[in-house]
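User: I would like to learn how to read a structure one feature at a time. Please give me the general idea before each case.

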Amino acid sequence: MSANFFGAVGLNRVSFLREDARFINLAFNSPVAKFLVFQQGESYIDTSVKDKITLYVGDSQKVGHVVSKLSPHLETEKLRIDNSGASVTFLGLDDKTPGFSYKEKYHGIPYFAFDFKVNENTLIKQEDISFLDSLERIDRNTLFSIDNYWATLYSHAKMYLDWLGKYKYCPGCGSMIYPVHGGTKLQCSSTEDKDCSVRNARVNNVCFPRSDPVIIIAMTNEDYSKICLARSFRKHGDFVMYSTIAGFMEPGESIENACAREIWEETGVQCDVENVQLISSQPWPYPANLMIGCLGVVKFNGKDELIDLGHDPELMDAQWFDTEEIRNAMEAYNGDLLVSFRDDINFPGNTAIAHHLIDHVCKQHKRRQQKL
């Protein structure tokens with residue numbers, strides 16, 4: 001299976017080097033460093049590239065003045081976005097391209113990301129980022145049409161930048177927190193005389209970014225001839241969308257248990273935990289989810305497959321469709337945002353993991369048919 005959208009192999013994150021302050025400083029100030037630029041939570045398109053949509057990435061010529069202003073404050077409280085006007089995070093090394101070397105062992109082009117939120121009191125001023133005025137902000141439709149390498153880089157940066165901009169105070173004592181380790185962790189600023197459960201923790205005294213696990217499940221029967229898809233009350237433009245069901249995992253819950261629970265709560269269908277299979281996963285930067293794609297095989301015994309939407313009123317409709325019909329629609333799919341089905345019903349396009357889960361059921365059904 002090819003990588004899901006937002007889930008391609010991206011930069012070498014060299015995560016073990018993040019706490020090396022010398023490495024971060026040298027990489028940040030390298031003349032070959034690249035900077036993915038966001039403002040107020042969104043990035044920009046590079047319109048100079050013809051016949052291909054890519055993200056705008058600044059180099060030392062474009063953002064060098066910003067780098068020189070921020071560089072002395074790396075790993076300090078002054079780099080907090082309220083003080084500096086910029087969240088900064090280290091993304092990794094493009095180790096396929098030479099240019100920067102550290103300890104004669106780690107090579108590549110360093111990539112960082114900025115998210116600017118400036119005002120008259122911040123270190124970075126509006127005039128420092130005036131070069132953004134001529135650029136085009138990316139919208140969601142455009143984002144889903146870019147190459148998966150760039151989509152993955154976008155997702156990586158956005159999740160860290162959103163986290164850095166959102167969390168400003170220590171959950172243990174309320175003191176200010178500030179970015180360390182290249183903007184991939186947050187440090188409590190409280191002093192030794194203040195009792196802080198975060199700073200005084202035995203394991204660590206920093207806050208880490210989080211990913212919220214979401215299970216998303218394609219429901220089928222034992223011979224893959226049926227697939228259950230649902231329509232939510234949420235509007236998707238002016239079209240009708242049927243898709244797989246999904247929900248957040250809860251603390252203390254395994255993936256398999258979460259799938260069985262979510263299937264029953266939303267559709268009333270009974271799926272045994274041992275009949276849940278993990279298929280693939282997808283990072284989803286809205287805001288910081290990890291979509292865990294699963295298959296739930298339901299026994300058709302006159303009872304377990306019966307749909308009852310009366311438990312959790314989240315769905316407008318759920319139906320068992322013939323996989324053969326859905327296969328025909330999937331095979332006719334032309335790569336658009338949506339897969340067109342019958343009666344104006346649509347399925348998600350191939351940038352969504354739901355599409356690949358539906359396709360998985362179709363392929364399993366086709367294999368079984370070929371063996372008959």
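Analyst: Start with exposure. A residue is buried under 20% relative accessible area, exposed over 50%, and partly exposed in between. Note also that this is a predicted model.

User: How many residues does the chain have, and what share of them is buried?

Analyst: The chain has 372 residues, and buried ones make up 52% of them. Its fold contains 8 helices and 20 strands. Along the principal axes, the C-alpha atoms fill a box of roughly 70 × 55 × 40 Å.

User: Next, salt bridges. How many are there in the whole structure?

Analyst: The idea comes before the count. Side chains of opposite charge can pair when their charged atoms come close. A search of the whole structure finds 16 salt bridges. One of them joins the side chains of D162 and K158, at 3.6 Å from N to O.

User: Where do D162 and K158 sit relative to one another?

Analyst: Both are in helix α5, residues 148–166. They are 4 residues apart, which means a separation of about one helical turn. Now apply the exposure cut-offs. D162 has a relative accessible area of 22%, so it is partly exposed. K158 has 8%, so it counts as buried.

User: Which residues does R261 bridge to?

Analyst: Take E253 to begin with. Its side chain meets that of R261 in a salt bridge of 2.6 Å, N to O. Both of these residues are buried. R261 also has a salt bridge with E265, at 3.1 Å, N to O. The R261 and E265 pair lies in helix α6, residues 255–267, 4 residues apart, or about one turn of the helix. Through shared partners, salt bridges join E253, R261, E262 and E265 into one network.

User: Are R261 and E265 buried or partly exposed?

Analyst: They fall on opposite sides of the 20% cut-off. R261 is at 17%, so it counts as buried. E265 is at 24%, so it counts as partly exposed.

User: Now pockets. What is the volume of the second largest pocket, and which residues lie nearest its centre?

Analyst: Rolling a probe the size of a water molecule over the atoms shows where empty space is left. Here, the second largest pocket has a volume of about 290 Å³. Its lining has 15 residues, and R13, H156, M159, S211 and P283 lie nearest the centre. By type, the lining divides into 7 nonpolar, 6 polar and 2 charged residues.

User: Which element gives the largest share of that lining?

Analyst: Helix α5 does, with 5 residues. Strand β17, residues 289–298, is another contributor: α5 and β17 each supply at least two lining residues.

User: How is β17 placed, covered or open, and which strands pair with it?

Analyst: β17 is mostly covered, with 9 of its 10 residues buried. It pairs with strand β12, residues 212–221, in the parallel sense over 10 bridges. Within that pairing, I216 has G293 of β17 as its bridge partner. Strand β16, residues 276–284, pairs with β17 in the antiparallel sense over 8 bridges. The β16 and β17 strands form a hairpin with 4 residues between them. P283, near the pocket centre, has L290 of β17 as its bridge partner.

User: What is the strand order in the open sheet of 3 strands, and which strands stand at its edges?

Analyst: The order is β14-β20-β19, with mixed pairing. β14 (240–241) and β19 (338–340) are the edge strands. Each has a single partner strand, so one side of each is left without a neighbour in the sheet. β14 pairs with β20, residues 345–348, in the parallel sense over 2 bridges. In β20, N346 is the bridge partner of M241.

Key. Residues are numbered from 1 along each chain as its sequence is written. This is a predicted model: local features need pLDDT of at least 70, side-chain atom pairs count only at pLDDT 80 or more; totals for chains, interfaces and linings use all residues. Side-chain values use heavy atoms; hydrogens and water are left out. A salt bridge is a side-chain nitrogen of Lys or Arg within 4 Å of a carboxyl oxygen of Asp or Glu. Buried means under 20% relative accessible area, exposed over 50%, partly exposed in between (1.4 Å probe, protein chains only). Two strands pair if DSSP finds at least two bridges between them. On a 1 Å grid over the protein atoms alone, a cavity is a set of points where a 1.4 Å probe fits but cannot get out, and a pocket is an open set with protein on both sides within 12 Å along at least five of seven lines; lining residues have an atom within 4 Å of a point. Grid points are joined across faces, edges and corners, and a volume is the space filled by probe spheres set on the points. Ala, Val, Leu, Ile, Met, Phe, Trp, Tyr, Cys and Pro count as nonpolar, Asp, Glu, Lys and Arg as charged, and the others, Gly among them, as polar.
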